[in-house]
Amino acid sequence: MIYFLFIGLMLLGTFFVFLGLLFINYEMSPLKKIVDREYVYKNNKLGFQVMVPGLILLLLSSWIFMNH
């Protein structure tokens with residue numbers, strides 16, 4: 001059960017980091033193959049607001065994995 005929680009949090013955190021990366025630097029994000037450039041405007045503040053929860057989820061999942 002803990003491993004499913006770890007994998008779920010890791011995937012969700014990675015998705016949020018990639019989504020935030022779309023707004024900060026479109027060319028670096030792996031999601032650029034899915035989202036057209038015309039739908040994304042460069043907004044660093046929004047990018048960081050999306051990336052921070054993703055990073056927190058990644059840290060939480062790694063903490064769960066290390067302490068299990």
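**Close-up 1. Ser61 sits in helix 2.** Helices here are DSSP runs of H or I with at least four residues, numbered from the N terminus. This is a predicted model, in which local features need pLDDT of at least 70, side-chain atom pairs count only at pLDDT 80 or more, and totals for chains, interfaces and linings use all residues. Residues are numbered from 1 along each chain as its sequence is written, and side-chain values use heavy atoms, leaving out hydrogens and water. Ser61 is buried, with a relative accessible area of 0%. Buried means under 20% relative accessible area, exposed over 50%, and partly exposed in between (1.4 Å probe, protein chains only). The Ser61 side chain reaches the backbone oxygen of Leu58 at 2.8 Å. Setting aside neighbours within four places in sequence, Ser61 is in contact (heavy atoms within 4.5 Å) with Phe6, Leu9 and Met10.

**Close-up 2. Helix 1 packs its buried residues against helix 2 (44–66).** Helix 1 covers residues 2–24, 23 residues in total. Its first and last C-alpha atoms lie 33 Å apart, close to the 33 Å expected at 1.5 Å a residue. That expected span is 1.5 Å times one less than the number of residues. Among the buried residues of helix 1 are Phe6, Leu9, Gly13 and Val17. Gly20, Leu21, Leu22, Phe23 and Ile24 are buried too.

**Close-up 3. Tyr3, Phe65 and Met66 form a nonpolar surface patch.** Together they have about 380 Å² of accessible area. Met66 belongs to helix 2. Met66 is exposed, with a relative accessible area of 66%.

How values were computed: Helices (H or I, at least four residues) and strands (E, at least two) are DSSP runs, numbered from the N terminus. Patches are made of residues with over 30% relative accessible area and no salt bridge: like charges are joined within 9 Å, nonpolar side chains (Val, Leu, Ile, Met, Phe, Trp, Tyr) within 5 Å. Accessible areas come from the Shrake-Rupley method with a 1.4 Å probe; for residues, only the protein chains shown count as cover. A salt bridge is a side-chain nitrogen of Lys or Arg within 4 Å of a carboxyl oxygen of Asp or Glu. A polar contact is a pair of N or O atoms within 3.5 Å; within protein, one must be able to donate a hydrogen and the other to accept it, and residues adjacent in sequence count only if both atoms are side-chain atoms.
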